[in-house]
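Good morning, colleagues. Please look at the display as we begin.

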Amino acid sequence: MNASERTNEQTQQAESFDLCRISKSKLICDVASNTIRAYARQGLRIYRAGKSTFFSKSELAAFIKSGKGGAA
């Protein structure tokens, strides 16, 4: 299995576990990627697989509802 096949497999696995790439956050969650990064600095958990960076959509919703995700 080459590197690109592993990356594609990791991406598919991550998406099946409620994870979203930070680079796709605007399309999927309507939240800018820089806002997600700011939330990460404020405590939102970030997951990494190789060079790919993910966040959980359900954790993002809980983070925003908790009031921690105020103005970034």
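This is a predicted model: local features need pLDDT of at least 70, side-chain atom pairs count only at pLDDT 80 or more; totals for chains, interfaces and linings use all residues.

Let us turn to the overall arrangement. The protein contains four helices and three strands, and their order along the sequence is α-β-α-α-β-β-α. It has 72 residues, of which 26% count as buried. If we take the contacts between residues at least 6 apart in sequence, 56% of them join residues at least 24 apart.

Next, the interior. In soluble globular proteins, nonpolar side chains tend to be buried together. Here the largest nonpolar core has ten residues: Cys20, Ile22, Val31, Ile36, Tyr39, Leu44, Ile46, Phe55, Leu60 and Phe63. Two elements, helix H3 (33–42) and helix H4 (57–65), each give two or more residues to this core.

Setting aside neighbours within four places in sequence, Ile36 is in contact with Ile22, Ser25, Val31, Leu44, Ile46, Phe55 and Leu60.

Ser52 belongs to strand S3, which covers residues 52–56. Is Ser52 buried or exposed? Its relative accessible area is 8%, which is under 20%, and therefore Ser52 counts as buried. The Ser52 side chain also makes a polar contact, at 3.1 Å, with the side chain of Arg21.

Thank you for your attention.

Key: Residues are numbered from 1 along each chain as its sequence is written. Side-chain values use heavy atoms; hydrogens and water are left out. Buried means under 20% relative accessible area, exposed over 50%, partly exposed in between (1.4 Å probe, protein chains only). Contact means heavy atoms within 4.5 Å. A nonpolar core is a set of buried Ala, Val, Leu, Ile, Met, Phe, Trp, Tyr and Cys residues joined through side-chain atoms within 4.5 Å. A polar contact is a pair of N or O atoms within 3.5 Å; within protein, one must be able to donate a hydrogen and the other to accept it, and residues adjacent in sequence count only if both atoms are side-chain atoms.
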